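Student: I would like to go through a structure with you, contact by contact. Could we begin with a single residue and work outwards?

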Amino acid sequence: MDKFSKTERTAFSGQRLITALIVCGLLISSSSYAQKIHVKTGIEVLKESNFKILQGKRVGLITNPTGVDNNLKSTIDILHEAPGVQLAALYGPEHGVRGDVHAGDKIDSFTDPNTGVPVFSLYGATRKPTKEMLEGIDVLIYDIQDIGCRSYTYISTMYLAMQAAAENNIEFVVLDRPNPLGGLKVEGNLVDEGFFSFVSQLRIPYVYGLTCGELAEMIIGERMIPEPCKLTVVKMKKWRRKMNFEDTGLPWVPTSPHIPFAHSAYFYPVSGILGELGYMSIDVGYTLPFEMFAAEWINAEEFAGALNAKQLPGVTFRPIHLKPYYSVGQGENFQGVQIYLTNFGKARLSDIQFHVMEAAAQLYPDKKVFDHAPENRFDMFDKVSGSNFIRLEFSKNHRFADIQSYWTKDEESFRKLSKRYYLYH
């Protein structure tokens, strides 16, 4: 979902190659190994309660393949089989309920073959459940693994579904899951008026440091929707704010085709904004999605040297040579840098792409990003940035220092506000 609808749509056939590599064991995620699970997600806690809050109710479920219990059984099947619970409808976000839709592709409504339950698309003709879609539903449940970045569209789906629940007097339940970036990182400005969109639906920073349950509580508490819905958050057990995803021991289910591993979520805010421009490859199209910056006009060793000279906390850059399989630079010889997060806690994830843009302008002045990137991509860049100030101000001198205070101006106040809605410590 990657919010990258345009980038990902270009040649998803290449994803088959990545899938093949994974199957062959050439790409291995530590999340795929058996490990001790330390955290119980919302669906596990709901099971423990024998589905008490759902007894005798007709349930609508917003989910996708990430909605699973600790044994990787789908929440769809769990609720379909749950005694005293009637699973009456399913609602699919971007990528679909069963994960069979590519980024940006529209989804039609149909019947789920596994359960016989109707499936309504929330990424087709409408992104907000209609009254007709909700007919006969008593409670609407949200169970999706998010990645903690504002531009990832699942939280936009949750926000609009909460609005619909309020308008139709339906209960709303969030089965909470970890924020894979942890609960401490906050980065980026709040969305400016005029720049709200499905990739910046909420007035929150780019990296917002909350679980979906906490964010839902904030949506109600800060009156982000016209009328509050009746909200219940089924809290996790044993999750702590300092945890990244590996600390939880939970299995990782790809949240979208280019977030195949838990660590992929760490890199999404590193390169996601710049990636919207199609100006250089961020490795959507190779084997390290979001972990790299490369172009045919970059000298890998020179570029890595310039970026490492900045001595960014918790970050190291390695020269890399590649030939993308699809998307930006397909079939071309590219050079650039692979990003290593050597200290996740100290690293400023979203800043990295702006330092890359600055270094590129200094080393290759005829390739300055906003003099070189296609203008028809500027609108999406502004949307994911939450403002056009970033682009307009940066383009004057191509220096991160010119936008840094703007990018960081809302972080401390949001961090303070967030604490009112913490469900975990």
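Tutor: Let us begin with N244, which touches P180, G182 and Y266, not counting residues up to four places away in sequence. Contact here means heavy atoms within 4.5 Å. The model is predicted: local features need pLDDT of at least 70 and side-chain atom pairs count only at pLDDT 80 or more, while totals for chains, interfaces and linings use all residues. Residues are numbered from 1 along each chain as its sequence is written, and side-chain values use heavy atoms, with hydrogens and water left out.

Student: Where is N244 found? And is N244 buried or exposed?

Tutor: N244 is found in the loop between strand 7 and helix 7. Helices (H or I, at least four residues) and strands (E, at least two) are DSSP runs, numbered from the N terminus. N244 counts as buried, at 18% relative accessibility. Buried means under 20% relative accessible area, exposed over 50%, and partly exposed in between, with a 1.4 Å probe and protein chains only.

Student: Now the charges. How many salt bridges does the structure hold?

Tutor: The structure holds 19 salt bridges. Each is a side-chain nitrogen of Lys or Arg within 4 Å of a carboxyl oxygen of Asp or Glu. One of them joins the side chains of E48 and K237, at 3.0 Å from N to O. E48 lies in helix 3 (residues 42–48) and K237 in the loop between strand 7 (231–234) and helix 7 (245–248), so this pair ties together parts that are 189 residues apart in sequence.

Student: What is the relative accessibility of E48, and of K237?

Tutor: E48 is at 38% and counts as partly exposed; K237 is at 39% and also counts as partly exposed.

Student: Which other parts of the chain does R420 link, through E222?

Tutor: The side chains of R420 and E222 meet in a salt bridge of 3.6 Å, N to O. R420 is in the segment after helix 15 (411–418), and E222 is in the loop between helix 6 (212–221) and strand 7, 198 residues apart. R420 counts as exposed at 62% relative accessibility, whereas E222 is partly exposed, with a relative accessible area of 30%.

Student: And D382 with R391: are both buried or exposed?

Tutor: Both are buried. The closest N and O atoms of their salt bridge are 2.9 Å apart.

Student: Which residues of the largest nonpolar core have the most contacts inside it?

Tutor: They are M158, F172, M280, F293 and L341, in a core of 111 residues. A nonpolar core is a set of buried Ala, Val, Leu, Ile, Met, Phe, Trp, Tyr and Cys residues joined through side-chain atoms within 4.5 Å. The largest share of this core, nine residues, comes from helix 5 (residues 154–167).

Student: What does M280 touch?

Tutor: Not counting residues up to four places away in sequence, M280 touches L274, F293, A294, A295, W297, I298, V328, V356 and A360.

Student: On to the rings. How many aromatic pairs are there?

Tutor: There are 19 aromatic pairs. Rings of Phe, Tyr and Trp (its six-membered ring) pair if their centres lie within 6.5 Å; planes under 30 degrees apart count as stacked, over 60 as edge-to-face and the rest as tilted. F303 and Y364 form a tilted pair, 6.3 Å centre to centre with 50 degrees between the planes. Both F303 and Y364 are buried. Ring pairs also link Y152, Y154, Y268 and F290 into a cluster.

Student: Which ring does the charged end of K409 sit over?

Tutor: The charged end of K409 sits over the ring of Y406, 4.7 Å from its centre. The criterion is NZ of Lys or CZ of Arg within 6 Å of the ring centre and within 35 degrees of the ring normal.

Student: Which residues of helix 14 are buried?

Tutor: In helix 14 (residues 401–408), the buried residues are D402, I403, Y406 and W407. They cover an arc of only 105 degrees around the axis, which puts them on the same side of helix 14. That arc is taken from the directions from the helix axis to the C-beta atoms. The face turned away from the buried side carries the exposed residues A401 and S405.

Student: What do the buried residues of helix 14 pack against?

Tutor: They pack against helix 8 (262–275), helix 10, helix 12 (378–385), helix 13 (389–397) and helix 15.
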